[in-house]
Amino acid sequence: MTTGHHHGTPPAPVERRAAALEELLAEQGLVSPEYIDAVQQAYETQLGPMHGARVVARAWVDPAYREHLLANGTRAVHELGIQGPEIEHLTVVANGPEVHHVVVCTLCSCYPWAVLGLPPNWYKDPPYRARMVREPRTLLAEMGCPLHESVEIQVWDSSAESRYLVLPERPPGTEGLSEAELAALVTRDSMVGVAVP
Amino acid sequence: MRLDLDGTAAPPRRNGEPVFDAPWQGRVFGLAAGVVARRFDGDWAPFRRCLVDAIADRPERAYWDSWTAALEELVVGAGLLGRDAVARRIAD
């Protein structure tokens, strides 16, 4: 077997590669299998869009919080007790009757983990990363989010240090709902901007 | 890792899909998180640069394959493993 880099030679099956990396780093005492178990479990059970939904619902019921959230996303999210990675520079952008925001990472998969969890597969796929910049209106319609042509679409590329969260419009007819009931209406996709709640 | 998240935030995740499609993906994610925490002070930026390069290098490669390649590049670049260490271990 050659010891070449992944250029040129057929790569070893990726699972063996990942397992070898894990073994080698565990032998160095750097990352233990137990640590990996804990991280995996945390991301599967503790992080997720329910936290972003809580932020959105608060902004819907509290105009002062909404203003604060749009001015300083990171601080406003922390104030709800939400901590975690990839929201150190969080910008929140608000949809309105005339503008719709949508988030993409053209270079890889940057995403505000602490409020949305890890990104879905489509977010990481090349077609989404390329087409959301080139033809957002068409792609949004294909994803089940058709927008009237009078609505301006703003595409936010997370490739800088910034992470983005879309604040969707509060759905009509929800005046009587509690904050918790409102949070249950907020979908992950609406906070990425590929759907409306 | 700092995860001060109360367990009461239990509205539906509405992910519509599992976080990881296969167990090995969760493991290589956790491995990267461990390296970032232990060797990069929790800063994902160096890993992210490797990931951007790995994706640009082979855009059609599956995402977690690029992730694995990026992690290998990161630890080799940081001097934690030799360039051939992974390939040699696989060959063993």
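This is a predicted model: local features need pLDDT of at least 70, side-chain atom pairs count only at pLDDT 80 or more; totals for chains, interfaces and linings use all residues.
View 1. Chain A has 197 residues, and 40% of them count as buried. Its secondary structure comes to eleven helices and four strands. Along the principal axes, the C-alpha atoms fill a box of roughly 65 × 35 × 25 Å. Domain 1 of chain A covers 14-45, and domain 2 covers 49-192. The centres of these two domains, taken over C-alpha atoms, are 31 Å apart. Take the contacts in chain A between residues at least 6 apart in sequence: 70% of them join residues at least 24 apart.

**View 2. The side of chain B that touches chain A.** Here 51 residues of chain B are in contact with 50 residues of chain A. Four helices of chain B each give two or more residues to this side: H1 (23-39), H2 (45-57), H3 (63-77) and H4 (85-91). H1(B) gives the most, with eleven residues. By class, this side of chain B has 31 nonpolar, five polar and 15 charged residues.

**View 3. The largest nonpolar core.** In soluble globular proteins, nonpolar side chains tend to be buried together. The largest such core in this model has 73 residues. Val56(A), Leu31(B), Ala32(B), Val35(B), Ala70(B) and Leu71(B) have the most contacts inside the core. H3(B) supplies the largest share, eight residues. Domain 1 (14-45) and domain 2 (49-192) of chain A each give the core at least three residues.

**View 4. Leu71(B) and its contacts.** Leu71(B) is among the core residues with the most contacts inside the core. Neighbours within four places in sequence are left aside here. From chain A, Leu71(B) is in contact with Leu21(A). From chain B, its contacts are Val28(B), Leu31(B), Ala32(B) and Val35(B).

**View 5. Strand S4 of chain A, covered on both faces.** S4(A) spans residues 163-167, and five of its five residues are buried. In a regular strand the side chains alternate between the two faces of the sheet. On one side of S4(A) are Arg163(A), Leu165(A) and Leu167(A). On the other are Tyr164(A) and Val166(A). Both faces are covered.

**View 6. The pairing of S1(A) with S4(A).** The two strands run parallel, and five bridges join them. One bridge pair is Val92(A) with Leu165(A) of S4(A). Leu165(A) is buried, on the side of S4(A) that also holds Arg163(A) and Leu167(A).

**View 7. Glu86(A), a loop residue with positive phi.** Most residues other than glycine have a negative phi. Glu86(A) is not a glycine, yet its phi is positive, about 70°. Its place is in the loop between helix H5 (73-79) and strand S1 (90-94) of chain A. Is Glu86(A) buried, partly exposed or exposed? Glu86(A) is partly exposed, because 19 other C-beta atoms lie within 10 Å and a buried residue needs 20 or more.

**View 8. Asp41(B), a positive phi in chain B.** Phi of Asp41(B) is near 55°, a positive value in a residue other than glycine. Asp41(B) is found in the loop between H1 and H2 of chain B. Both of these helices give two or more residues to the side that touches chain A. Asp41(B) has 7 other C-beta atoms within 10 Å. The limit for an exposed residue is 12 or fewer, so Asp41(B) counts as exposed.

Methods: Residues are numbered from 1 along each chain as its sequence is written. Chains are lettered from A and ligands numbered from 1 in the order in which they are written. Two residues are in contact if their C-beta atoms, placed from the backbone, lie within 7 Å. Ala, Val, Leu, Ile, Met, Phe, Trp, Tyr, Cys and Pro count as nonpolar, Asp, Glu, Lys and Arg as charged, and the others, Gly among them, as polar. Domain bounds come from an automatic or database domain assignment. A nonpolar core is a set of buried Ala, Val, Leu, Ile, Met, Phe, Trp, Tyr and Cys residues joined through C-beta atoms within 7 Å. Two strands pair if DSSP finds at least two bridges between them.
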